[in-house]
Amino acid sequence: MSERRDLIVVSNRGPVTYDRVDGERVERRGGGGLATALRGLQSHHDVTWIAAATTEEDRVVAAAGGDGGVVFVAPEPEAYHRYYNVVANPMLWFVQHELWSRGARPDIGLDFHRAWDEGYVAVNRAFAEAVVVELDNRPGATVFFHDYHLYLAPLFVREARPDALLAHFVHIPWPVDWTILPERMRHAVHDGLLANDVVAFHTERWARNFRRSCEDVCGGTGRTVVRHHAISVDVGEFERLATSDSVLAEEAALPRPEKLIVRVDRTDPSKNVVRGFRAFEALLDAHPEWRGRVTMLALLDPSRQAIPEYADYRAEIERAVGEVNGRFGPVIDLRVADNFPQSVAAYKRYDVLLVNPVFDGMNLVAKEGPLVNERDGVLVLSENAGAHEELGVFSLTVNPFDVWGQAEALHSALEMDADERRRRAEGLRAQVRGHDVARWIAGLLDDVDRVAA
Ligand code: F6P
């Protein structure tokens with residue numbers, strides 16, 4: 001690990017969040033892959049983390065000036081709602097995962113323009129102000145922005161502190177085409193990001209797309225260095241977790257069909273859950289020999305349910321399961337809950353892991369599963385998941401829109417002989433073990449060093 005540094009990490013979700021239970025303040029780990037991956041930074045460097053207050057108790061902590069290395073930004077609830085529920089998700093998320101069908105949606109009215117100005121811009125300004133205060137406390141610290149919630153903040157910081165060292169990691173896909181977003185917003189996104197010294201993505205493909213969209217929108221990337229580093233898992237911690245009591249208890253309670261297909265996702269339209277069920281249905285239609293022998297276990301974390309597109313998608317998922325199970329009996333075991341130990345237990349037991357996102361920045365399920373799987377399970381992987389750049393050669397690649405292609409891949413995976421399964425499973429494990437999260441972090445810090453030099 002490189003030398004200790006002064007870092008200011010800035011992300012919408014922080015490493016911890018607070019609640020009040022029976023009059024006492026209780027601390028919870030912040031959710032999501034990003035916070036988990038970055039938590040490792042805190043033990044090796046001097047980190048101040050700036051994040052949004054997401055609970056009432058976070059706001060109390062914010063008013064008291066922060067706690068334990070976390071500074072909370074606490075915008076007005078209405079501004080936060082517009083920033084998170086109207087602009088960042090779904091609009092930016094939908095643009096970047098190419099989820100709009102464009103015929104009728106999105107429908108960008110005055111409400112959206114207001115949400116941009118009074119929500120997204122305002123909250124980005126509040127984050128930037130917190131960064132400037134922190135930079136004044138710790139001159140020389142490197143600022144590390146994360147993700148699509150904060151595209152505008154770097155330019156606001158740059159205007160106030162021209163010499164600051166700024167880096168931004170974008171964890172989601174970058175499309176070439178940004179024409180859905182009105183021009184002033186499209187420009188603001190690109191100008192904001194290009195105020196950083198370094199902008200980085202998980203894959204070569206997203207970095208290349210960024211260079212192209214910068215070319216279209218602002219004539220190039222200017223002095224900003226554009227890089228890519230694949231995020232990964234903390235291998236040691238994950239392997240320990242796989243043998244923990246909570247995971248073993250969940251494992252004992254899992255179904256044991258002859259063959260188990262698993263998927264683990266958030267209920268997000270980008271995850272392509274419904275087409276996955278349709279592919280399973282097509283498999284059972286075309287190959288009656290599998291009926292009664294194979295179960296699909298779908299463990300889905302309910303996500304962003306205050307956003308209509310997400311609530312509708314969850315309903316669509318439940319409808320599709322009802323239809324498939326209505327035809328073949330209880331062949332899909334759908335569990336909508338936030339239960340990480342159960343997901344890890346399922347990773348250990350799958351024969352086939354289905355990861356078929358429409359688009360995905362990386363997709364850590366594709367790395368976590370093969371790391372702890374005990375059955376030489378086969379990974380069926382979308383060509384549009386960032387993880388495909390590293391893991392594609394050991395997987396069965398699918399096009400996420402090709403339902404029949406996915407049905408055929410599931411059939412090939414279920415039929416694959418033991419030697420071939422072992423060869424692929426070992427390849428996946430070796431790739432993840434050799435490229436864990438410490439390597440990702442070292443890559444980011446290295447970029448910053450080079451720019452500083
Ligand atoms: O990078 C995408 C991401 O921010 C991940 O960190 C995380 O897994 C997911 O989206 C969570 O989204 P939200 O914070 O909206 O629940």
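# Ligand site, helix packing and backbone features

An oxygen atom of the ligand is 2.4 Å from an N or O atom in the side chain of Tyr-84. The model is predicted.

**Ligand site**

- Two further side chains place polar atoms by ligand oxygens: Asp-147 at 2.8 Å and Arg-304 at 2.7 Å.
- Taken alone, the ligand exposes 390 Å², and the protein buries 82% of that area.
- Helix H1 (33-44) and helix H3 (77-96) are the elements that give two or more residues to the shell around the ligand.
- The residues around the ligand are Arg-13, Gly-32, Gly-33, Leu-34, Tyr-84, Trp-93, Asp-147, His-171, Ile-172, Arg-266 and Arg-304.
- Sorted by class, this shell has four nonpolar, three polar and four charged residues.

**Helix H2**

- Helix H2 spans residues 56-63, and its buried residues are Glu-57, Asp-58, Val-61 and Ala-62.
- The exposed residues Glu-56 and Ala-63 sit on the face of H2 turned away from its buried side.
- Gly-65 follows H2 and has a positive phi, near 90 degrees.

**Helix H5**

- In helix H5 (residues 153-160), the buried residues are Ala-153, Pro-154, Phe-156, Val-157 and Arg-158.
- The packing partners of these buried residues are helix H4 (110-137), strand E6 (142-146), strand E7 (165-169) and helix H6 (183-193).

- Asp-447 belongs to helix H17 (residues 437-452).
- With a relative accessible area of 4%, Asp-447 is buried.
- Leaving out residues up to four places away in sequence, Asp-447 touches Val-198, Arg-227 and His-229.
- Leu-241 is in helix H8 (residues 235-242) and counts as partly exposed, at 27% relative accessibility.
- Leaving out residues up to four places away in sequence, Leu-241 touches Val-247, Phe-340 and Val-344.
- Leu-241 and Ala-345 are 104 residues apart in sequence, while their C-alpha atoms are 9.8 Å apart in space.

**Cis peptide bonds**

- The peptide bond from Asn-89 to Pro-90 is cis, with omega near 5 degrees, and Pro-90 is in helix H3.
- Arg-105 and Pro-106 are also joined by a cis peptide bond, with omega about 5 degrees.
- Pro-106 is in the loop between H3 and H4.

- Asn-272 is not a glycine, yet its phi is positive at about 65 degrees.
- Asn-272 is in the loop between strand E10 (259-266) and helix H10 (273-286).
- The relative accessible area of Asn-272 is 2%, so this residue is buried.
- Asp-376, also a residue other than glycine, has a positive phi near 50 degrees.
- The loop that holds Asp-376 runs between helix H13 (365-372) and strand E14 (378-382).

Conventions:
Residues numbered from 1 in each chain as written. Predicted model: local features only at pLDDT ≥ 70, side-chain atom pairs only at ≥ 80, totals over all residues. Heavy atoms only, no water. Buried < 20%, exposed > 50% of the residue type's maximum accessible area, 1.4 Å probe, protein only. Helix = DSSP H or I, 4+ residues; strand = E, 2+ residues; numbered from the N terminus. Near = heavy atom within 4 Å. Polar contact = N/O pair within 3.5 Å; in protein donor to acceptor, adjacent residues only side chain to side chain. Areas by Shrake-Rupley, 256 points an atom, 1.4 Å probe, with all protein chains shown as cover. Nonpolar A, V, L, I, M, F, W, Y, C, P; charged D, E, K, R; others polar. Contact = heavy atoms within 4.5 Å.
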